[in-house]
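Subject: Structure for you to look at

Hello,

Here is the structure I promised to pass on. Please open it first, then read my notes below.

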Amino acid sequence: MSVKIITVGEDILTANEEKARANQNRLDKHGILTINIMSSPGAGKTSLLLGTISRMKDKCRIAVIEGDVASSVDAEKINEQGVAVVQINTAGGCHLDANMVESALNNLSLENTDLLFIENVGNLICPNAFLLGEHKRVMISSMPEGDDKPLKYPAMFADTDVVLLNKIDLKPHLDFNVDGFKKSVIGLNPDVIIFSISCKTGEGLEAWLSWLESAIKDRKDR
Ligand code: MG
Ligand code: ZN
């Protein structure tokens with residue numbers, strides 16, 4: 001008799017993938033473009049959302065799912081912008097999964113949403129391994145984290161559609177090799193789109209917003 005080996009990790013990922021597909025079907029039915037935003041803590045996920053919402057909320061109906069280990073401070077900031085927001089507290093969990101997102105979707109008015117952002121838990125290790133039902137992935141890497149992050153956390157950079165290099169207003173104070181950073185990212189992910197931005201000054205946000213608008217349009221044209 002041969003020994004049966006069950007790899008728990010793979011099992012969990014397969015179940016998650018099925019649930020993610022169901023989430024995506026549900027989002028597709030409502031024509032909602034869904035974007036999974038990932039980064040380390042403090043790279044600027046919430047700042048990006050606030051900057052994007054204030055510039056986009058008159059053009060489309062936005063909703064946000066906020067993932068955090070604890071608290072609802074980010075969700076409250078988003079809520080002040082007048083968009084629908086659901087907070088997921090992972091109670092210590094280091095990533096969002098498709099089950100959590102399903103529960104959040106149950107608490108949103110999908111009929112009244114065109115664009116859904118999912119702010120993942122701040123972490124560069126594992127969020128990329130868990131599909132949520134998103135159509136696009138956006139990863140933020142901020143200059144103070146250093147230009148070596150693609151080399152240290154390759155999976156996160158390999159598994160995204162867009163990389164936003166944030167906090168470029170701090171460049172004069174940092175030894176950050178922009179060309180080296182971009183080269184490392186493209187080496188891992190040749191099809192990636194990279195934008196350099198500052199959520200603080202607004203520099204570079206135009207290019208990101210026009211990418212977003214064309215992604216919304218592509219969804220609606222389907
Ligand atoms: Mg945040
Ligand atoms: Zn995790």
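A residue counts as buried under 20% relative accessible area, as exposed over 50%, and as partly exposed in between. Lys167 has a relative accessibility of 23%, so it is partly exposed. Please keep in mind that this is a predicted model.

**Backbone and loops**

Lys167 sits in the loop between strand 6 and helix 7. Its phi is positive, about 65°, although Lys167 is not a glycine.

Asp175 is in the loop between strand 6 (162-166) and helix 7 (178-188). Is Asp175 buried or exposed? Asp175 has a relative accessible area of 83%, so it is exposed. Asp175 and Gly146 are 29 residues apart in sequence. In space, their C-alpha atoms are 8.0 Å apart.

Ala91 also has a positive phi, near 50°, and is a residue other than glycine. Look for Ala91 in the loop between strand 3 (84-89) and helix 4 (98-105). Ala91 is exposed, at 72% relative accessible area.

**Strand 5**

Strand 5 covers residues 136-142, and Ser141 lies in it. Ser141 has 1% relative accessibility, so it counts as buried. Which residues does Ser141 contact, leaving aside neighbours within four places in sequence? They are Lys149, Phe157, Leu164, Leu165, Asn166 and Phe181.

Lys136 is in strand 5 too. Lys136 is partly exposed, with 30% relative accessible area. Not counting residues up to four places away in sequence, Lys136 touches Leu33, Thr34, Ile35, Asn36, Asp161 and Trp211. Lys136 and Leu205 are 69 residues apart in sequence. Their C-alpha atoms are 18 Å apart.

**Helix packing**

Two packed helices are described by the angle between their axes and the distance between the axes. I looked at two pairs, both with helix 2.

Take helix 2 (residues 45-56) with helix 8 (residues 205-221). They pack at an angle of about 65°, and their axes are 11 Å apart. That angle makes helix 2 roughly perpendicular to helix 8. Their crossing is right-handed. From helix 2, the contact uses Leu48, Thr52, Arg55 and Met56. Helix 8 brings Leu205, Trp208, Leu209, Leu212, Glu213 and Ile216. By class, this contact of helix 2 with helix 8 has seven nonpolar, one polar and two charged residues.

Now take helix 2 with helix 3 (residues 73-80). Here the angle is about 10°, and the axes are 10 Å apart. Angles under 35 degrees count as roughly parallel, so helix 2 and helix 3 are roughly parallel to each other. Helix 2 contributes Thr46, Leu49, Leu50 and Ile53 to this contact. Helix 3 contributes Asp74, Lys77 and Ile78. By class, the contact of helix 2 with helix 3 has four nonpolar, one polar and two charged residues.

Best wishes

Technical notes. Residues numbered from 1 in each chain as written. Chains lettered and ligands numbered in written order. Predicted model: local features only at pLDDT ≥ 70, side-chain atom pairs only at ≥ 80, totals over all residues. Heavy atoms only, no water. Axes fitted to C-alpha atoms, helices over the stretch in contact; angles between N-to-C directions. Helix = DSSP H or I, 4+ residues; strand = E, 2+ residues; numbered from the N terminus. Parallel < 35°, antiparallel > 145°, perpendicular 65-115°, else oblique. Left-handed = near helix turned anticlockwise from the far one by under 90°. Contact = heavy atoms within 4.5 Å. Nonpolar A, V, L, I, M, F, W, Y, C, P; charged D, E, K, R; others polar. Buried < 20%, exposed > 50% of the residue type's maximum accessible area, 1.4 Å probe, protein only.
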